[in-house]
Amino acid sequence: MTTASGEELDLLGLFALPPGALDWQQRAACAGHKPADDFYPRLVNRSRYEPVSATATALCASCPVRVECVRFGLTSGCPVGVHGGFNMGAKPDRERARAWLAESDRRTYAEAS
Ligand code: SF4
């Protein structure tokens with residue numbers, strides 16, 4: 001399967017998750033949030049998406065599992081939908097998400113040492 005921008009997806013990664021790997025989703029700020037449109041920006045043309053909704057942006061900004069969610073969105077092999085306020089369907093957003101996650105990890109390790 002390929003994305004709208006022509007990238008190959010590795011969907012098999014989704015089936016190789018160990019038990020409990022997604023337990024963090026139970027603590028998600030969006031748990032129980034129904035309108036799927038808030039977390040799946042529509043494709044405007046071949047490579048451009050509508051902006052991430054204000055609802056998703058606000059929920060993700062306050063979410064206690066944002067780090068886990070962004071890491072999953074970047075590594076699950078299925079880059080679709082909003083994770084941590086970033087649209088994983090859009091390459092520029094994925095690049096911003098990688099930079100955000102790297103900075104978050106750097107801060108976490110700096111605080112631990
Ligand atoms: S970061 Fe956003 S999309 Fe991810 S679990 Fe939290 S509220 Fe949901």
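1. Start with helix α2, residues 54–61. Its buried residues are A56, L59 and C60. These three span an arc of only 95° around the axis, which puts them on the same side of α2. An α-helix has 3.6 residues a turn, so residues three or four places apart point the same way.

2. Bear in mind that this is a predicted model.

3. Now look at the other face of α2. Which exposed residues does the face turned away from the buried side carry? They are A54 and A61.

4. What covers the buried residues of α2? The cover includes helix α3 (66–75) and strand β1 (82–83).

5. Next, the ligand. The residues around the ligand are A28, A29, C30, L59, C60, C63, V65, R66, C69, V82, H83 and G84. Elements α2, α3 and β1 each give two or more residues to this shell. Note L59 and C60: they are buried residues of α2, and they also sit in the shell around the ligand.

6. Nine of its residues are nonpolar, two are polar and one is charged.

7. Step back to the whole protein. It has four helices and two strands. From the N terminus, their order is α-α-α-β-β-α.

8. Last, burial and contacts. Of the 113 residues in the protein, 21% are buried. Take the contacts between residues at least 6 apart in sequence: 53% of them join residues at least 24 apart.

Notes:
Residues are numbered from 1 along each chain as its sequence is written. This is a predicted model: local features need pLDDT of at least 70, side-chain atom pairs count only at pLDDT 80 or more; totals for chains, interfaces and linings use all residues. A residue is buried if 20 or more other C-beta atoms lie within 10 Å of its own, exposed if 12 or fewer, and partly exposed in between; C-beta atoms are placed from the backbone. Two residues are in contact if their C-beta atoms, placed from the backbone, lie within 7 Å. The arc is that of the directions from the helix axis to the C-beta atoms. A residue is near a molecule or strand if its C-beta atom, placed from the backbone, lies within 6 Å of it. Ala, Val, Leu, Ile, Met, Phe, Trp, Tyr, Cys and Pro count as nonpolar, Asp, Glu, Lys and Arg as charged, and the others, Gly among them, as polar.
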